[in-house]
Amino acid sequence: MAGIYDLVPAIAALPLASFVIALFAGKDLPKKGALPGILATAGSLALSLAVAVTVFTTGEGFNQNLYTFVAGQDTFSLHLGVLIDPLSALMLVIVSLIATLVHVFSLGYMNDEGETGLPRYYAGLGLFTFSMLSFVFANNILMAFMFFELVGLCSYLLIGFWFREAGPPSAAKKAFLVTRFGDYFFLVGVVAIFATFGTGAFAGSESFPHLAELALEGEYDVNTFFGLGEQAWFTVLGLLVLGGVMGKSAQFPFHTWLPDAMEGPTPVSALIHAATMVAAGVFLVARMYGFYALSPTALAIIALVGGFTALFAATMGVVKQELKQVLAYSTISQYGYMMLALGSGGYVAAVFHLTTHAVFKALLFLGAGSVIIAMHHNENMWDMGGLKDKMPVTYWTFLSGSLALAGIVPFAGFWSKDEVLYEALIHGLGTEGGLGIVLLAAYAMGLLAVFFTGFYTFRMVYLTFHGEPRSDIARDPEPVRWNVKGPLAVLGVLAATVGFINMVPVKKVTGLEIDYLHQFLDMAPEAYLTNVHHYTELLETDAFAGIHAATPLGEVGTVAASAAVSLGLALAGVLAARQLYNAPQPVEHTDRLGRVKTILMHNYYQDEYQVWLARDVTVPFAGVLDTFDQGIVDGVVNGASSVSRTAGRQVRKLQTGVVTNYAALLTLGLVLLLAAFAVVGGWV
Amino acid sequence: MWIEALILSTLVASGIVLLAPNRYAGKLAAALSLAPLALSGIMWLNYDAAGNALLGGDMAYETTTRWVEFASYGLNWHVGVDGISMPLIVLTTILTTLAIVSAWTPIDTRQSQFYGLVLFLQAGLLGVFTALDFFVWFIFWEVVLVPMYFLIAIWGGPRRKYAAIKFFVYTNIASLIMFVGFLTLVFSMGPSVRAIDLTQVAQLVRTPGVVEGIAGFSPNTVKLFAFTLMFLGFAVKVPIVPFHTWLPDAHVEAPTPVSVLLAGVLLKMGTYALLRFNFTMLPGVVRDYAALIAVFAVVSVIYGALLALAQQDLKRIVAYSSISSMGYVILGLVAYTTHGVGGATFQMLSHGFISGLMFMVVGVIYNETHTRMVGDMSGMADRMPWTVGIFVAAAFGYMGLPLMSGFAGEVLVFLGSFDSTISPLFTAVAMFGIVIVAGYLLWAMQRTLFGPFDLETEYEIRPRPSTTWHRWWCCCSVWSGWVSTLTSSTV
Amino acid sequence: MIATEWYLMLSAGLFCIGLLGILMRRNALIFLMSVELMLNAANINLVAFSLQHGNLSGQVFALFGMALAAAEVAVGLGIILVLYRNFGDIDVTSPTTMRW
């Protein structure tokens, strides 16, 4: 049954083919390249499912170098290769599923709306899918970096799709630059990992996480730099790679590009936020979790950044006026939860939340896209209202996604978010020292964010769909077709149900073995060292992370209490939103926040200082350097030439052109010569 | 005889084109330049040597003839190719043909002289990359300056005379300094040197005890002195900050096809020579002063990139970014590891293609709009989508995006230099260049190519025959990333 | 027989007159004559030493010198003629356009 694994490269190659077809022949195709895209991504989906099923049934993986692009003589070589284990198989399914649905949805959002430049659009989508899929099955960190960067390129091309306007190109530039800034640290990390371990492989006994493990146990020698000890150096490596993760996954302080990225077409936002670019960061940490599990400091920082980002972004979501802006901040916040889970040792919880979030966030974005079509591209929620009856399919699916996002039982988001918080709580309680305190602090922030999440989610729902229509367009919205409703329906059902794959609280209470995701992720072949029990072992070793679990109320009691608290907070948020905004003519209650609102509307002035750094520090500094270069460095060069020219100009004045002067000089010279001879020769 | 045929065919082509009527000169030159292109292609395919010839690697297509005999030294006609020069030869022939094609539109006076000089320039460049006797090599090295001077001074922009003279004088003085350095090295070896053949000199210099002190200075001081002079000489050519100021002026004033050759091939002469002379002959000095040289490299990378950020002229932006890119080459060379040198060699190649493409696209925009200033135009993507598409592709190549050739070179340099004799801090700092390069290119692109269409100058839509060529070249630049397998295994 | 010194003194005198003529006058014709004086001073020297050493080479050289002087006068007069045509007089300080 290993035959299916030989087809893994085809999963990525199909979208690549659709990219080429759309780019060069898209103009002449019906639907301008959408059809090859749909076929290709559907093919990828089918293959990914087959791969996932194979992994599930056989428990075997696939880890092979396929192509050596730099063969090193007596040094390391660089490869492209494939690594299939439960994690990548799961992610392949998610990415190709979302990509397929986004392609279908684009028929409604782009083709039916009469956009121009569609071949470019579909080419971009194809390349995006290709890059992400290749990133997912990359078997070494350099290959992962390569496709990580390509994902950035695709986001640039797609966010800037409407290049004739002023906003999108600027947003695209910002997205690429901010993530590139993160990628700088990632690249330093990649290079340092190669220099340290001589390999970048993710899985197996020759992989760098395992070598690091051996090195910490003193069984293997590695190069460390800057005189750091092994533990410290590995922490540095982990943090360097984390830079790239924070850039792509929009974690504080690199989150600023993501809200701006809403300038792109809505299906692209769905793809970026749910399954591809933003997910890439978190996926990378999960991919090399065996490495992070060795460093308590790195884990603490991940958890803290995650918890803080979750809360920080959620507060900004509360005041936004535009539908997609709210969703953008919720994305940042939700990825914060995943980081929180990873930092606090909840590997399964993070992957679980990644999965459910991919489904419900794709759903919400596509639903928002449907609303935007209906509203003729007006995104301001204060112009909407009352859309519930006009577009029921959109409403009910959107509601399903919102309940999932808010974390209301039994929708998908509840199960995963609850597990994230539960993991943070028990590990925070059980771990000694600073790491435990950090985890608890991160947990507290994450918990608080639950309330805000419930609030802004339902503020959005009530403003958009409930009450009276507040503009003419909202009274008579444009209808949407099957190609919009179809993907929504699929995702709506999934958002309600996908949480059932890992119902940990139910398992704890009833003792049924229904944590399927956990079991699936644990099925990774022993030799790969990427399975859950290996990670747990690493986490619990005191020489590595030293994270332990503690359940003060007993296992059942703790899980129930944790679930009750988070569900209660989510419900409180939902009810507060209902209280304030479920009115025929709602008013902007956030005005009562006064100056706090101003700060929130300005996103805590995060954009301002980053723009200031770029525009008012770096560019003037470059200007000063330019003046220095032109004035001093080039000045010296030009100075050398002027000195010789001036000297020449002075000396040539001897050449008067008057024979008399020459004769006089001649005579004078002769006399001087004679005098000199006289003195030297001793005549005088 | 292959190399002689290569150089001779170029020279003959140059002569024919010089005599041809202006109307046909461009087409004729392109057709004739296919001969060296084909020859070098065949050489590349039949190529069976590898490694650095001066370090005992194999050499292909070698000929050695005693040419002139005087006193105690002899001059040889000694040419050959190895793993370092072969890619550069192919780069030269490809770029020359493409530069000639791209000159059809912008060059509208004295065409036969223009194309004749371009081919003459090519002959010089091929000579530099193949000659293995110092005397022959130096002649070619100097010959390159002459056509370049005229190409800038006759067909250049408003300040062409200033730029041409600056280029000529600056690089010529540098050559003389280098000349003194090399001769010091040769004379310090006393009677053991019978010819200034590069292979023999390299072998002898590396043998311990052969270099003797001169005028009371110890052998090590003599080596350091020779190294410094040669380094200074080549640094101007590369160029390494602070010897770079001729480059932006020359680029801005030179016509597009000349900029293509200047950035694409002429800069590589500097790094090629550094590799051939300094790093091969005096590795001991390199080891001792690696940190200092690395500082020069890192400063070139960062300083060049920051200067590019401050520019308003698209050509100046590309010119400064060339300085930045060549800094990576130096970094890879000074690391002196397998991946470092391999990456540096590959970076030379990829920078040759990408910067050439970049200059060409800027040239196309200039032909249409008669401006290159960032503030004078916006939204060009609306009117010239293919050109802009290629611009974007080239820019991302410059930024070192994976799967494009720029990435392969840079990442190899980084991998090679991080764990080497120099501190990894240099590598880490130099890597920050990848952020700045993205900054200035994306910023410039956002302001000129995207947004609502607006143009300060006259614009008319004309058929653009040359863009088809650009498309092919674009593919070529983008995918030459995969040639890295070949290159790094040959070095 | 007259001692060689006297010839040399005559020659030196003639030479100095010629030199002073060149240094102090501005008329091109006077220049030419001064040059002739200096050349002939040299000729006197040659002949005088030829006499002293009893060697004829000196006299042969003097003959060469005279031929040279004749040629020089021919060229010089030509130059003076051109000078007069172009500048209207034969002052040697006026044609300075060929310098910087």
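Before I start, a word on conventions: residues are numbered from 1 along each chain as its sequence is written, while chains are lettered from A and ligands numbered from 1 in the order in which they are written. Because the model is predicted, local features need pLDDT of at least 70 and side-chain atom pairs count only at pLDDT 80 or more, whereas totals for chains, interfaces and linings use all residues.

Let me begin with chain B, whose secondary structure comes to 21 helices and four strands, where helices (H or I, at least four residues) and strands (E, at least two) are DSSP runs numbered from the N terminus. Along its principal axes the C-alpha trace of chain B spans about 70 × 55 × 40 Å. For 491 residues, a compact globule would have a radius of gyration near 23 Å, and chain B agrees with that, at 22 Å; the radius is taken over C-alpha atoms, and the globule rule is 2.2 Å times the number of residues to the power 0.38. Of those 491 residues, 64% count as buried, meaning that 20 or more other C-beta atoms, placed from the backbone, lie within 10 Å of the residue's own.

Now to the chain contacts, for which two residues are in contact if their C-beta atoms, placed from the backbone, lie within 7 Å.

The contact between chains A and C takes ten residues from each, and the side of chain A divides into four nonpolar, five polar and one charged. Chains B and C have no contact, and their closest C-alpha atoms lie 21 Å apart.

Finally, the largest nonpolar core has 446 residues, and those touching the most other members include Ala362(A) and Ile330(B); such a core is a set of buried Ala, Val, Leu, Ile, Met, Phe, Trp, Tyr and Cys residues joined through C-beta atoms within 7 Å. Another core, of seven residues, lies apart from it, with Leu14(C) and Ile44(C) among them.

Terms used:
Nonpolar A, V, L, I, M, F, W, Y, C, P; charged D, E, K, R; others polar. Buried ≥ 20, exposed ≤ 12 C-beta atoms within 10 Å, placed from the backbone.
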